[in-house]
Each structure stands twice: as structure tokens, then as C-alpha cells.
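Have the viewer open as you read.

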Amino acid sequence: MADFVGTLAVLLLLITSLYVLVNQDWRWAVAALGLQYVWAFVLLLQAWPAELAVVKLVTGWIAASVLGLTRLNLPQLTTPEGNVPSGRVFRLLAAGLVILMVLGAAPRLTEWSRAFGIYQAWGGLLLLGMGLMQLALRNGFFRTALGLLTLFSGFEILYAVVEGSTLVTGLLTAVNLGIALVCAYLLTAPTLETEE
Amino acid sequence: MSSAFLWILLPIAVGAALLLYRRKDDTPLYLAIGLSFILTWIAWQFPIDVVLQLGSISIEIAPTLTFLGRNFTLAETQRLLLTFIYLAQTLWLLGAFLTRPGQLFPGLSLIAVGLFMAALAVQPFLYAALFLAAAFLVWVPLLVPPGTQPGRGMQRALIFLLFSVPCILFTGWLLTGVEGNPGNFELVLRAGLLMALGFSFLLALFPFHSWVPMLAQETAPYVLGFLTFFLRAVALIFLLSFVERYVWLRDNPAIFQLLLAMGSLGVFLGGVWASQQRHLGRMMAFAGMLATGGLLQAIGLGGAVGLQTFFALLLPQAWVLWALAASLAVLHRHTPSLQLEELGPALRRHPLLALTAVAALVALAGLPLLGPFAAHLAIWHGVGQQSVGLLILSFLGSLGLLAGGLRLLHAWLTAAPEPRAPVGPVERLPFSQRPDMANPYVWVFSLIWLVTLLGYGLLPSFLAPVQRLVLMFPQVFQ
């Protein structure tokens with residue numbers, strides 16, 4: 001049963017993170033990010049009690065909501081990369097590279113330290129890689145926020161195995177919310193009233 | 001009352017309260033200066049963990065505060081560092097009278113300094129990376145004020161600084177494994193690489209430095225100067241905590257050689273790039289890179305000498321970077337850009353600040369008779385004993401920054417005279433609009449700064465008591 005849940009969570013993480021990376025529509029990207037936190041929560045449950053793991057889920061949803069609401073109030077922008085099919089193909093190929101690396105690295109990580117389960121290793125490394133790709137291949141603060149939040153999700157899945165301190169959980173929550181709030185501020189800063 | 005309450009929670013709470021103040025006057029600035037000054041004075045005068053009898057009242061500042069199961073400790077050995085950090089904070093706040101960095105500056109600077117102190121106090125110390133990231137995130141509204149378009153420098157800063165968090169947190173976990181199994185070369189290598197990567201992101205070392213000059217073109221120099229100075233100072237003390245805590249790091253000469261090499265590279269590249277800049281903000285960014293490189297070199301010297309040199313350099317650097325950022329910030333307010341070609345009229349109108357900026361640049365380069373020279377001399381001596389190649393790199397870097405300073409001097413001396421503005425007598429202008437010669441605040445700032453810089457350069461033993469800062473790291477000091 002645990003294997004089935006673990007495999008399913010990793011597969012769904014793959015689909016949502018791939019969608020966030022490739023998709024152009026910000027609404028679907030935010031929805032996929034929210035879903036991504038659900039599957040990350042499932043993997044976190046393998047290391048943490050539910051009451052602690054749920055903090056990550058709620059934080060992720062708040063962060064996704066902040067970004068979604070901010071983007072909703074901004075004018076629709078058409079970016080040059082918008083509907084270029086080659087861009088999507090390139091991102092898909094880059095994602096394929098990440099998947100290959102994760103397939104190779106995850107078993108080695110579990111061999112190297114028995115603390116990690118294979119599903120946590122797959123899920124954590126996958127999100128780290130997809131987050132990095134998002135940061136490297138996409139422009140703008142909205143996409144930067146998505147990339148950073150994805151990257152931190154992956155990191156937190158792995159770090160949960162080695163650290164279960166309440167303070168660290170709280171601080172990582174603050175950093176995640178901080179990323180969402182700061183990026184929301186940076187998206188809206190040009191439209192805000194000047195100080196003087 | 002605990003030290004963490006006094007020097008962490010109180011400034012954060014007051015800073016947050018000051019953000020709610022909506023009137024456009026200087027009240028938050030006065031309050032923040034008052035609090036910073038009081039906290040500096042308490043840190044200077046009141047011992048920690050000692051019961052003081054004031055009449056019928058007994059006061060004790062406890063060193064530890066427990067929060068969410070973890071300790072925040074500011075012990076007696078750190079009292080001098082507390083004094084130094086809050087004194088620096090007071091200076092940056094005083095400089096805000098000249099530079100006017102924005103209404104949010106007093107409140108956010110108190111919150112940021114509280115978070116920096118939390119980074120130094122938290123146990124286990126590895127969690128410091130999270131507080132440093134939080135301090136940076138708090139600072140963003142000042143880097144990109146409302147109504148301005150954030151640029152690529154901001155985006156890169158966000159990514160690079162936050163990358164340091166996972167790297168450093170994982171390093172801590174790996175280092176615990178290394179402690180139990182120091183013979184495992186693979187583990188040591190991975191921990192070392194991850195640590196180098198984490199601190200390279202945090203300290204903006206080559207090749208992860210690009211966000212600093214990019215951001216310097218996009219934002220006010222004073223705001224960026226505050227962030228980079230405190231972030232680097234606290235991150236380097238955090239790095240020293242790593243060395244202090246882990247025996248295998250302390251006993252491994254390769255770690256110190258690596259620090260020395262990275263520091264020398266930073267000095268070389270910072271100086272050479274500074275000499276090529278025509279934008280003063282970018283020049284300041286590369287001067288900061290050189291300054292960080294110098295501090296890394298000092299740590300890389302290792303042992304008691306390295307630690308003493310580190311603190312002997314950190315203090316005058318703080319003084320110099322503050323003045324450089326303040327001078328550029330005032331110039332920035334009176335000119336659309338800090339490009340040397342466009343700065344001429346502003347430099348002619350503000351000769352004292354131009355002189356201060358030139359002196360700051362050449363002082364950072366290690367020019368004799370100026371503040372940081374004594375520490376630079378000790379570094380050059382130590383580096384020369386270990387590697388002539390690295391010494392040459394250091395000299396080239398210093399020469400580069402010196403050339404940058406001379407380039408500014410040339411731009412100032414050859415600038416065309418300012419066209420006369422059709423305004424009345426300067427005495428009727430507000431202080432922020434007056435030229436330097438008619439502005440008593442600028443006179444006081446420049447004179448005190450220059451005299452102190454020269455005084456410390458001529459009498460470096462003046463700050464000898466500050467060497468007690470090394471007692472924070474007794475293992476490294478041995």
C-alpha cells in the first residue's frame with residue numbers, strides 16, 4: 001500500500017511540476033502548484049506526523065493563493081516566449097534531462113544514506129531539478145516565485161527526513177511565505193503609488 | 001530579561017511598529033536612532049549573565065532565550081560584537097538624515113538587524129541561514145520602492161541568496177556525519193563542496209557575484225550598502241562559527257588554503273572590475289567584493305593571527321563602506337544616474353562628498369595612512385608567506401580599486417562648473433538642496449569621517465581593545 005501511495009505521489013508530482021514548467025497560462029500553473037503541495041504533503045507524511053506535515057500544505061496553498069490573487073489583478077501580458085512551440089519543446093527536453101538525472105541519482109542517494117526512502121528521494125530531487133529548470137528557463141518574478149517555491153518544496157521533502165524541529169519548520173514556512181509575498185510585491189511594485 | 005529579548009525581539013517589535021507610522025516626518029528615524037543608541041550603550045556597559053544591583057532593584061540579562069524548543073544565546077563573549085553591530089546600525093540610521101533612503105528605512109533596518117542578531121544567536125547555529133534569508137526578504141521593499149520597476153539584478157539576488165539556504169542546511173547535516181566518520185573522504189568532499197557553494201551564494205563570491213553590480217545599477221546605493229555590509233559581516237561570522245564548531249574543519253589546512261585562494265580571487269576580480277567601471281554604484285559593488293575577499297583572506301590565514309586580522313579589518317571596512325554608500329546616495333539624489341559622464345555637475349556641487357567617496361575607495365584598496373591599511377599589511381604579509389602568486393593577485397586587485405578611485409578623482413577635477421541655478425541665496429534652501437559648502441551636516445559628516453579614517457590609519461592601536469572579539473571563537477583563536 002505504502003509503495004502504491006509513494007509511486008502515485010511521485011508520478012503526480014512529476015505531472016504537476018512538468019505542467020508548471022511547460023504551461024503558459026498562469027491560472028493553470030498556480031492550480032498545478034497548489035496540487036503539487038498535496039503530493040509533497042503525502043511524501044512528507046512518511047517522515048513527519050500529519051499535524052506537522054499539514055503546515056507545509058497550508059503554507060503552500062497560501063503561497064499559491066497570494067501569487068494567484070496578485071497575478072489576477074495585473075493586466076494580461078503577452079510575453080515573446082508566449083506561444084512559441086519550440087520553447088515548450090525545449091522545456092520538455094530539459095525536464096526529460098532532469099527526470100533522467102533523478103532516476104540515476106535517487107537510488108544512489110538512498111544507498112548513501114539509509115535515512116532517505118526511495119519515494120522521498122525521487123520526489124525531492126525531482127522538485128529540486130524542476131525548480132532549477134523553472135528558474136533557469138523562465139523569466140519574470142511570477143515564474144521566479146513558482147521556481148523558488150518548487151525548489152524549496154523539493155528541499156523540504158528531503159530535509160524533513162533529517163530535521164523535524166518545530167523552529168526550522170516555522171522558519172521554512174516563513175521563508176516560503178516570504179518568497180510568495182516578496183514576488184507578489186515585486187509584480188505590483190511598478191503600479192504602486194510612489195513614496196514622495 | 002534575556003539578551004535575545006533585548007537585542008533581537010525588541011528591535012523587531014519596534015521596527016514593525018514603526019512601519020505603521022504613516023506621517024511623512026522624521027519621527028520613526030529619531031525613535032530608531034534612540035533605540036539603537038540605547039541598545040549600543042547597554043551592550044557596551046552591562047555585562048550579560050551578571051546580577052546588577054541598582055538600589056533596591058536587581059537586574060540580570062540572561063544569556064539564553066528558549067523559543068520553539070531551540071535556544072537563542074547571546075553570551076558575555078558576544079557583548080562586544082553586539083556593541084559593534086548596534087553602533088554600526090546607529091551610524092547607518094544617522095546617515096539616513098543625509099541620504100533619505102525612504103520612510104520604511106528606520107523600521108525595516110531595525111527588523112533586519114534583529115534578524116541578523118537572531119542569525120548569530122540561534123542554536124544550532126546552522127539555522128542562521130534561514131534568518132539571513134528572512135532578513136534579505138524583509139529588505140526587498142527598500143531595494144525596489146513602490147512605483148519602480150524591479151530589474152534583473154533583483155531577480156538574480158532573490159534566486160542566488162535563497163539558493164544558499166538549502167546548501168547550508170544540508171551542509172550542517174553532512175558535517176554531523178563527517179564528525180562521526182572523519183576518514184570518509186567522499187563525505188568530507190561533498191560536505192566541503194556544498195559548504196563552499198552555500199557560502200559563495202551568501203557572500204556573493206565569484207562566480208555568483210553578478211547580482212550585486214546589477215542591483216547597484218537599479219537601486220539606491222545606501223540601501224544596497226546597508227544590506228551587503230550587514231549580510232556579509234554576519235555571514236562571515238557565521239562561517240567562523242562553522243570553523244569553530246567542527247574540529248575536522250579547523251584541523252584541515254586545505255580549508256584555510258581554499259579560503260585564502262577564494263579571498264585572493266575576490267580581491268583580484270573585485271579590484272580589476274572596479275577599475276573598469278564607469279558607474280559609481282557598480283564600482284561600489286566591486287569594492288565590496290574586494291572587501292569581502294580581504295576578510296576571507298584574513299580567515300584563510302588561520303589561527304590567532306587570521307582571526308585578529310579579520311576583526312582588525314572588519315571595523316575600518318564598516319566605517320569606510322558606510323561613508324562610501326552615504327556619499328554615493330547623496331550624489332544619486334542630485335543626478336539621474338551615477339554614470340561618471342553624467343556626474344560632473346553633482347561632483348562640483350558636492351566636493352566634500354566627492355572627496356569622501358574617493359578617500360573611501362582608496363582606503364578600501366589599502367592605501368597607507370588610511371584606516372584599513374594596517375590590517376591589509378598584515379594580510380599581505382601572511383599571504384606572501386604562503387603563496388607569492390596569491391600576493392600578486394592581491395596587489396593587482398588593490399591597484400585596480402586604486403585606479404577606480406583615481407578615475408573618480410579625475411572625473412571630479414575635470415568636471416565642468418555647475419551652471420548657476422536661478423535661485424535665491426543658498427541659506428534659504430533646505431539642507432538637502434544645498435551644496436556641500438553651505439551644508440553643516442555634510443561638513444560634520446565628512447570631517448569626522450576623514451579625521452577618524454586618518455586617525456585610525458596613523459594609530460591602529462586605537463582599536464586594540466576590539467581584539468577581544470576573538471574570544472568569541474576560542475578554538476580557532478588557539
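## A helix pair in chain B

In which crossing, left-handed or right-handed, does H13(B) pass H16(B)? The crossing is left-handed, meaning the near helix is turned anticlockwise from the far one by less than a right angle. This is a predicted model, where local features need pLDDT of at least 70, side-chain atom pairs count only at pLDDT 80 or more, and totals for chains, interfaces and linings use all residues. Residues are numbered from 1 along each chain as its sequence is written, with chains lettered from A and ligands numbered from 1 in the order in which they are written.

H13 (303–333) and H16 (373–386) of chain B pack at about 145°, axes 8 Å apart.

On H13(B), Val305(B), Thr309(B), Ala312(B), Leu313(B) and Pro316(B) make the contact (C-beta atoms, placed from the backbone, within 7 Å). Their partners on H16(B) are Ala374(B), Ala375(B), Ala378(B), Ile379(B) and Gly382(B). By class, that's eight nonpolar, two polar and no charged residues (Ala, Val, Leu, Ile, Met, Phe, Trp, Tyr, Cys and Pro are nonpolar; Asp, Glu, Lys and Arg charged; the others, Gly among them, polar).

S4 (70–73) and S5(B) share two bridges, and Asn71(B) sits opposite Gln123(B).

## Where the chains touch

Chain B puts 29 residues into the contact and chain A 27. H6(B) gives the largest share of chain B's side, nine residues. That side splits into 21 nonpolar, seven polar and one charged.

Note on methods:
Axes fitted to C-alpha atoms, helices over the stretch in contact; angles between N-to-C directions. Helix = DSSP H or I, 4+ residues; strand = E, 2+ residues; numbered from the N terminus. Contact = placed C-beta atoms within 7 Å. Pairing = 2+ DSSP bridges.
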